[in-house]
Amino acid sequence: MEVLVADDDPTTQLMMKSSLERLGYHVRLATNGTEALAILGSENPPRLAILDWEMPGASGVEVCRWIRTGGDEPYTYIILLTSRTSLSDIVEAMDAGADSFIRKPVDPNELKARLRPGHRMLDLQRQLIRAREAYRYQARHDGLTSLYNRTAIVEILKHALEVGPVSVAMLDVDHFKQINDQLGHDVGDRVLVELGRVLSQSLRPEDTVGRLGGEEFLLVLPGVDTWEAARVGERLRKRVEDLQVTEAGRVLRVTVSVGVATAGSHTPYTELLKRADRTMYAAKHAGRNKVIVWSDDSPDMVA
Ligand SMILES: [Mg+2]
């Protein structure tokens, strides 16, 4: 692990460097506050810093204050090096955001002991950040297909409608219940995963796909007119039709019914979803494995 040592005294620098290297640290040295600030402000700075209180350029306490104004993420664990021991000095340093102290002259055993809580804190923060990222991901993604979940895809649709016209395509797997009932939910799940992969691989970078729930998927196509959206829907319908899921040596084929609808930015997202839902059901009624496009008068069949 990297540690920054900032001290203007060559003897202290040498002593700290050899003690820390013996403990397995990679040491970066700064001889004044300005250098310390430059190192801590660089990309990928050391997360542990040992700062001399009295040094030219900027004092350890000033460096400490500057670091803390940058926020706590990722955290820099700061130990101040000082011969000051009065209560008011300690309070000042703590107020500036120091985590710990080491008295000069530095005792190598104390140095080792003072660094330990630093490691604990940095490890804990790393774990918390990782857990938070995982929760954030889970909150917006479907656990099975890894596509956006309903909440996320609807939110994406809402944002897209704030910007301009949007087309959506709602896809529903035909006779999905039969797959689950006859071949088991494992097979049904695999079909959904394969389908999700085909859908996400078939889109432009600006398009998004999510799983609305069950065997229903939604594509959000910003700035795409109805007829282009119908072409997208037809292309996907065909790709799904060509998809082969092998199960116990057997080739399984599935089809989807697709409802396409377009709305201007003034339209509520609920209305757009309702239209797509109605055309998707119209595709089911028209015999499935079809794309139906919404028109103002009546749903209009294209394929
Ligand atoms: Mg000094």
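Author: A crossover is right-handed if, with the strands pointing away from the viewer, the path from the first strand over the helix to the second runs clockwise. Helices (H or I, at least four residues) and strands (E, at least two) are DSSP runs, numbered from the N terminus. Here S1, helix H1 (residues 10-22) and S2 form a right-handed β-α-β unit. The model is predicted: local features need pLDDT of at least 70, side-chain atom pairs count only at pLDDT 80 or more, and totals for chains, interfaces and linings use all residues. Residues are numbered from 1 along each chain as its sequence is written.

Reader: Which strands are joined to S1 by bridges, and how do they run?

Author: Two strands pair if DSSP finds at least two bridges between them. Strand S2 (residues 26-30) runs parallel to S1 and is joined to it by 5 bridges; Ala6 stands opposite Ala30 in S2. Strand S3 (residues 48-52) also runs parallel to S1, through 4 bridges, and Leu48 in S3 is the bridge partner of Val3.

Reader: How many residues of strand S1 are buried?

Author: A residue is buried if 20 or more other C-beta atoms, placed from the backbone, lie within 10 Å of its own. In S1 (residues 2-6), 4 of the 5 residues are buried, so the strand is largely enclosed by the rest of the structure.

Reader: At what angle do H7 and H8 pack?

Author: Axes are lines fitted to C-alpha atoms, for helices over the stretch in contact, and angles run from 0 to 180 degrees between N-to-C directions. Helices H7 (residues 176-183) and H8 (residues 185-201) pack at about 140°, with their axes 6 Å apart.

Definitions and conventions
A residue is buried if 20 or more other C-beta atoms lie within 10 Å of its own, exposed if 12 or fewer, and partly exposed in between; C-beta atoms are placed from the backbone.
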